[in-house]
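Trainee: I would like to learn how to read a structure feature by feature. Please take me through one.

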Amino acid sequence: MLRRKRLDEISWEDFNRLSLEEKAPYLVQANGRPYHVLIAQQFNREQLDGLCDLATRIRRIAKSKEGMRFLSDLLCHKRAMLDFTQPSSRTFLSFYAACQILGIRPAEVRDPSISSEMKGESREDSVRTFSSYFDMIIMRTPLQGFVEKMVWELSNTDRPLPIINAGSGKDQHPTQALLDIYTLQRSFEKNGELANKHIVFCGDLARGRTVRSLSRLLTYYPNIRQTFAAPEHLKIGQDIIDDLAAHNVDFTVTTDFKSTIPTADAIYMTRIQDEWDKTAGESSHFNLMDFALTVDDMKQLPHTSVIMHPLPRRHEIDPAIDSDPRAVYWRQMRNGMWVRSALIATIFGRDQEITHYYMMNLK
Ligand code: CP
């Protein structure tokens, strides 16, 4: 368990200088539960197992009217602000639904052009304003480092509150990684635990923040081989490579995606993310279809493997593949609602109550 350190006892400059591992103890509560959710590095294997189990319990409890009544009473005294200033469908809606499942009343800002930011107010002041009215902020932003800055800033006011990173620039998307782990665990549970698997990441690995978070969480599982298949100019960042090497992970970086298919246990496709960031350069000098999965490619993929995608997709998975039992990306998306419910319940200390209800009524 991480021993808690306090954000109001460290300057922004000193906090900002820390490595991600060193930042992790500042994000937890005294009892070890997450408080802020910022980076994959703040989770350990025990917490991942706990969140996955809790997500399953919530999913099963929510099947009945009685169960939904129980869940929706748990946090009916809380309010959450969903501050999404970068486009989102799944993360926004699944967090919104997770709040509703737990009885939290959600509110949203999706377009700062109709807020007082148009009068010259800073983003920082806007977010501080939310802290006056709400008990939690769930934030998506294109600004690298912004969620982290607000985590520190609001912890140094008289009204600190949990902040969840729902996708921050090119940094990380930790809650996507949690639902990805849940999906992988569920996909392989029939054959034992998530271990001894070959996971292939494909596509825009330079800007794809989901891969940055998930590759780290996968280091907590035994003997997972990771392959990163991307065009040269969109290859996985050196910081991730260094991190995997430091954790003695067996990994490969390649531009030849198609050759990885026959040995993949899971293929994690991503789209080229040029709609919000142009810094990776022109994409016209490579063949998009070299980094796409076609119906023909499916003949090479073992029948026990799974195909994942954080979505949204463009061309990189042929929609004809959707009906293949190995395509789990729609299930993966729905898992997000349960995992995010589990995460919020844990942050507010309601996890044991849910487990108790489950044991008494559904076990
Ligand atoms: N996976 C994901 O983050 O999707 P959205 O951008 O639709 O939220």
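Predicted model: local features only at pLDDT ≥ 70, side-chain atom pairs only at ≥ 80, totals over all residues.

Trainee: How far apart are the closest N and O atoms of Glu-9 and Arg-6?

Mentor: They are 3.6 Å apart, and the pair forms a salt bridge.

Trainee: Is Glu-9 buried or exposed, and what about Arg-6?

Mentor: Glu-9 is exposed, with a relative accessible area of 63%. Arg-6 is partly exposed, at 36%. The class follows from the number, because exposed means over 50% and buried means under 20%, with partly exposed in between.

Trainee: How many salt bridges does the structure hold?

Mentor: The structure holds 21 salt bridges. One of them joins the side chains of Arg-17 and Asp-14, with an N to O distance of 2.4 Å. Both residues lie in helix α1 (residues 12–17), where they are three residues apart, about one turn of the helix. Arg-17 is exposed, with a relative accessible area of 62%, whereas Asp-14 is partly exposed at 36%. Another salt bridge is formed by Asp-296 and Lys-299, whose closest N and O atoms are 2.5 Å apart. Lys-299 is exposed, at 66% relative accessible area.

Trainee: Let us move on to domains. How is the chain divided?

Mentor: Domain 1 takes in 7–172 + 335–349, and domain 2 takes in 174–333. Note that domain 1 is written as two stretches of the chain. The C-alpha centres of the two domains lie 25 Å apart. Their contact takes 36 residues from domain 1 and 32 residues from domain 2.

Trainee: How do I put a size on such a contact?

Mentor: The size of an interface is often given as the accessible area lost when the parts come together. Domain 1 and domain 2 bury about 2,800 Å² between them, with 55% of it on carbon and sulfur atoms. Within domain 1, the residues that lose the most area to domain 2 are Arg-90, Lys-170 and Asn-335, together 27% of what that side buries.

Trainee: Which polar links are counted between domain 1 and domain 2?

Mentor: There are 18 residue pairs in polar contact, both residues being at pLDDT 80 or more. The count of salt bridges between the domains is one. Glu-21 forms a salt bridge with Arg-216, and their closest N and O atoms are 2.5 Å apart.

Trainee: Which elements supply the domain 1 side?

Mentor: At least two residues each come from α3 (45–61), α5 (90–101), β3 (136–141), β4 (163–168) and α11 (329–347). The most come from α3, with eight residues. By type, the residues on the side of domain 1 that touches domain 2 divide into 15 nonpolar, twelve polar and nine charged.

Trainee: Finally, the backbone. Where should I look for positive phi values?

Mentor: Look at two asparagines. Asn-196, in the loop between α8 (174–188) and β5 (198–202), has phi near 55°, a positive value in a residue other than glycine. Asn-196 is exposed, with a relative accessible area of 53%. Asn-248 also has phi near 55° and is found in the loop between α10 (238–246) and β7 (251–254). Asn-248 is exposed as well, at 70%.

Trainee: Which residues does the cis peptide bond join?

Mentor: The bond joins Leu-311 and Pro-312, with omega about 5°. Pro-312 is in the loop between β9 (306–308) and α11.

Definitions and conventions. Residues numbered from 1 in each chain as written. Heavy atoms only, no water. Domains from an automatic or database assignment. Contact = heavy atoms within 4.5 Å. Buried area = accessible area lost by both parts, 1.4 Å probe. Salt bridge = Lys/Arg side-chain N within 4 Å of Asp/Glu carboxyl O. Polar contact = N/O pair within 3.5 Å; in protein donor to acceptor, adjacent residues only side chain to side chain. Helix = DSSP H or I, 4+ residues; strand = E, 2+ residues; numbered from the N terminus. Nonpolar A, V, L, I, M, F, W, Y, C, P; charged D, E, K, R; others polar. Buried < 20%, exposed > 50% of the residue type's maximum accessible area, 1.4 Å probe, protein only.
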